[in-house]
Amino acid sequence: MKIPRCIVVIVTLLSANLLAATPIPVAEENAEEAARMVAKMVIIGRGIVAGHQGVINDPAKGNKGFSPDYMTTHMRKTFEKKMGMSVDQVTPSGVKKALLAVLDASSVAVRNNQGRINRPGVKFKGFIPAVYGRITGNILKAKTGIGLKQTTFKYRNAYNKPDQFEAGVLKKFESGELEEGYGMRVGAKYRYMEPIYIKKACMKCHGQPKGELDIAGKVKEGYEIGDLRGAISISLPVN
Ligand code: HEC
């Protein structure tokens, strides 16, 4: 059967439109708040993936129940507990939309990895916080134009290597000159960094003894609890 050319053109245009990033309009005066919230939400998502490593890596279990809905419900609950308000109460609307976009990207990331998460008979699945963050970041970028990077001086992957802006801020986190999130406008973007620290849950892969291999087969960095691990780096298009 021959498909009429006009239909082909329409379908092509529609799918290109769906694939193209739809920027979330964030006014410059709300950019810091939006970037900070996005970073906090990513850290919450990472925490949930970290807290479920036992279930995810259980070889005796098939379906783990670690579904997209489960993930986003937990993210919303944790957000509410930490921030004292629900995602739906967040204002202005640009900030809320950015947060909803992180929830949506996280949901897609978990959905796209259901096969991996639910595979029985396999111990380590590799669905760890950094991998969740990387996949979610790619989806978020494609859908909204918001950039998300997990950067550190001791990077395991070259794509996490800090750029000039990130290296400057990481140094200030390290020296203690900056203790909390920091952001500024750079060209058409608002760039923001939220420091992340080593917790107990990170130690088995990033802790002592330095040089030993972790469960993922990568070299442990030898961090101690409380050490600066790096930062969540957000790059937000502003209008
Ligand atoms: C099961 C092992 C494991 C655990 C637990 C773990 N990580 Fe990782 N981490 C890795 C691996 C493997 C990578 C490289 C991932 C990739 O392929 O992008 C990584 C990468 C990262 C990165 C990206 C920078 C880089 O090295 O390329 C950050 C930041 C990070 N981890 C922080 C943490 C923090 C903070 C915790 C605790 C909440 C944690 N990780 C827990 C294994 C782990």
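The model is predicted: local features need pLDDT of at least 70, side-chain atom pairs count only at pLDDT 80 or more, and totals for chains, interfaces and linings use all residues. Residues are numbered from 1 along each chain as its sequence is written.

**Overall fold**

The protein has nine helices and four strands. Both are DSSP runs numbered from the N terminus: helices are H or I with at least four residues, strands are E with at least two. Along the sequence the pattern reads α-α-α-α-α-α-α-β-α-β-β-α-β. The C-alpha trace spans about 65 × 50 × 35 Å along its principal axes. A compact globule of 239 residues would have a radius of gyration near 18 Å; the protein has 19 Å, which agrees. That radius is taken over C-alpha atoms, and the globule rule is 2.2 Å times the number of residues to the power 0.38.

**Helix pairs**

Two packed helices are described by the angle between their axes and the distance between the axes. Axes are lines fitted to C-alpha atoms, for helices over the stretch in contact; angles run from 0 to 180 degrees between N-to-C directions.

| Helix pair | Angle | Axis distance |
|---|---|---|
| Helix 4 (residues 68-83) and helix 5 (residues 93-112) | about 145° | 8 Å |
| Helix 2 (residues 28-51) and helix 7 (residues 129-144) | about 140° | 8 Å |
| Helix 5 and helix 7 | roughly 125° | within 8 Å |

Helix 4 passes helix 5 in a right-handed crossing. A crossing is right-handed if the near helix is turned clockwise from the far one by less than a right angle, and left-handed if anticlockwise. Pro68, Met71, Thr72 and Met75 of helix 4 meet Leu103, Ser106, Ser107, Val110 and Arg111 of helix 5. Residues count as in contact if their C-beta atoms, placed from the backbone, lie within 7 Å. This contact has five nonpolar, three polar and one charged residues. Ala, Val, Leu, Ile, Met, Phe, Trp, Tyr, Cys and Pro count as nonpolar; Asp, Glu, Lys and Arg as charged; the others, Gly among them, as polar.

Helix 2 and helix 7 are oblique to each other. Angles under 35 degrees count as roughly parallel, over 145 as roughly antiparallel, 65 to 115 as roughly perpendicular and the rest as oblique. The crossing of helix 2 and helix 7 is right-handed. Val42, Gly45, Arg46, Val49 and Ala50 of helix 2 meet Pro129, Tyr132, Gly133 and Thr136 of helix 7. By class, that contact has five nonpolar, three polar and one charged residues.

Helix 5 and helix 7 are also oblique. Helix 5 passes helix 7 in a right-handed crossing. Residues in this contact include Ala101, Val102 and Ala105 of helix 5, and Ile135, Ile139 and Leu140 of helix 7. The contact divides into nine nonpolar, three polar and one charged.

**Ligand shell**

The ligand is surrounded by 26 residues, with Ala130, Arg156, Cys202, Cys205 and Ala216 the closest. Helix 7, helix 9 (200-206) and strand 4 (228-237) each give two or more residues to this shell. Helix 9 gives the most, with five residues. By class, the shell has 13 nonpolar, six polar and seven charged residues.

**Cis peptide bonds**

The bond from Thr91 to Pro92 is cis, with omega near -10°. Pro92 sits in the loop between helix 4 and helix 5. The bond from Gln208 to Pro209 is cis, with omega near -15°. Pro209 lies in the loop between helix 9 and strand 4.

Key
Contact = placed C-beta atoms within 7 Å. Near = placed C-beta within 6 Å.
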